[in-house]
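My plan is to look things up one at a time and jot down what turns up.

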Amino acid sequence: MALRHPGTLAGRLVTLEPLSQEHREGLAEAVRDGELWRLWYTRVPAPERMGAEIDRRLELQRQGSMIPFAARRSDTGRIIGMTTYMNIDESTPRVEIGSTWNAAGAQGTGTNPESKLLLLRHAFEEWGCPAVEFRTDFLNRQSREAIARLGAKQDGVLRAHLRQPAGHVRDTVGFSIIASEWPGVRLGLEHRVQRHFDEARGEAP
């Protein structure tokens with residue numbers, strides 16, 4: 001089964017656009033917000049490496065293992081980060097959502113939960129995936145907690161799994177959401193997105 005590119009995925013807080021070199025300057029500006037490439041436990045490109053990172057992701061797309069997106073705030077139109085479907089297994093079908101980063105100023109605004117909502121909804125409801133995976137460095141507690149808040153369950157830890165740019169070999173924590181859990185996860189994400197949307201409009205209780 002071929003997992004066709006979904007194209008643009010539009011939400012109320014964020015829009016996910018098929019990644020291209022046209023996003024390079026916006027992404028370079030976004031990554032400077034918080035100097036995210038300096039976080040030693042992540043793989044976030046420095047501004048001067050953004051073009052090469054886009055090329056890398058697009059090459060993986062051509063090979064069939066990744067579908068990359070640029071994330072744009074729906075209210076301001078500013079580019080705020082990147083995310084992907086990766087480790088694509090068309091035979092199951094099964095995907096991982098990962099290689100995600102967001103500008104510091106966008107964190108806590110609801111754009112990340114809505115990005116996950118858009119990606120998960122397409123994976124479960126259009127592609128019919130029985131499961132969607134998430135992976136992160138065990139030392140990245142912020143990422144582990146964010147994945148757990150989505151409603152994903154921890155599957156296990158791959159010890160000494162992957163060498164990071166800073167030089168350490170990371171333990172990779174694996175999480176997943178399965179199809180039977182998706183309706184409840186979807187309701188939780190929709191509630192979070194609605195709350196942020198109401199706050200942005202000044203309508204929160």
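Before I start listing touches: I call two residues in contact when they have heavy atoms within 4.5 Å of each other. I also keep in mind that this is a predicted model.

**Entry 1: leucine 60**

I began with leucine 60, which I found in helix H2. Skipping residues up to four places away in sequence, I see that leucine 60 touches Ser65 and Met66. I then checked leucine 60 against methionine 86: the two are 26 residues apart in sequence, and their C-alpha atoms are 8.7 Å apart in space.

**Entry 2**

Next I traced the strands. I get an open sheet of eight strands, in the order E1-E2-E3-E4-E5-E6-E8-E7, and the pairing is mixed. Which strands stand at the edges? They are E1 (9-10) and E7; each has a single partner strand, so one side of each is left without a neighbour in the sheet.

A reminder to myself: strands of a sheet pair through backbone hydrogen bonds, and they can do so parallel or antiparallel.

I looked closely at two pairs. E3 and E4 are antiparallel, with seven bridges between them, and alanine 71 sits opposite glycine 81 in E4. E7 (residues 153-163) and E8 (residues 169-178) also run antiparallel, joined by seven bridges. Here I find glycine 156 facing glycine 174 in E8. E7 and E8 make a hairpin with five residues between them. In that turn I noted glycine 167, whose phi is positive, about 110°.

**Entry 2: threonine 76**

Where is threonine 76? I found it in the loop that runs between strand E3 (66-73) and strand E4 (79-89). Threonine 76 is partly exposed, at 48% relative accessible area. I also took its distance to alanine 104: 28 residues along the chain, and 15 Å from C-alpha to C-alpha.

**Entry 3: a nonpolar patch**

Then I looked over the surface. Trp40, Phe138, Leu139 and Val157 make a nonpolar patch of about 370 Å². I followed up on valine 157, which has its place in strand E7. At 34% relative accessibility, valine 157 counts as partly exposed. Another reminder: side chains in a regular strand alternate between the two faces of the sheet.

**Entry 4: salt bridges**

How many salt bridges does a search of the whole structure find? I get 14. I wrote up three of them.

Arginine 38 and glutamate 35 meet at 3.0 Å, N to O. Arginine 38 is exposed at 56% relative accessibility, while glutamate 35 is partly exposed at 38%.

Arginine 57 bridges to glutamate 53, with the closest N and O atoms 2.7 Å apart. Why are they about one helical turn apart? Because they sit four residues apart in helix H2 (residues 50-63). Arginine 57 is buried, with a relative accessible area of 1%, and glutamate 53 is buried too, at 11%. I also see Glu53, Arg56 and Arg57 linked in a network of salt bridges.

Arginine 186 pairs with glutamate 125, closest N to O 2.9 Å. This pair ties together distant parts of the chain: arginine 186 is in helix H5 (residues 182-200) and glutamate 125 is in helix H3, 61 residues apart. Arginine 186 is partly exposed at 25% relative accessibility, and glutamate 125 is partly exposed at 38%.

**Entry 5: lysine 116**

Leaving out neighbours within four places in sequence, I listed its contacts: Ile97, Thr100, Phe134, Leu150 and Leu189.

Notes. Residues are numbered from 1 along each chain as its sequence is written. This is a predicted model: local features need pLDDT of at least 70, side-chain atom pairs count only at pLDDT 80 or more; totals for chains, interfaces and linings use all residues. Side-chain values use heavy atoms; hydrogens and water are left out. Two strands pair if DSSP finds at least two bridges between them. A salt bridge is a side-chain nitrogen of Lys or Arg within 4 Å of a carboxyl oxygen of Asp or Glu. Buried means under 20% relative accessible area, exposed over 50%, partly exposed in between (1.4 Å probe, protein chains only). Patches are made of residues with over 30% relative accessible area and no salt bridge: like charges are joined within 9 Å, nonpolar side chains (Val, Leu, Ile, Met, Phe, Trp, Tyr) within 5 Å. Accessible areas come from the Shrake-Rupley method with a 1.4 Å probe; for residues, only the protein chains shown count as cover.
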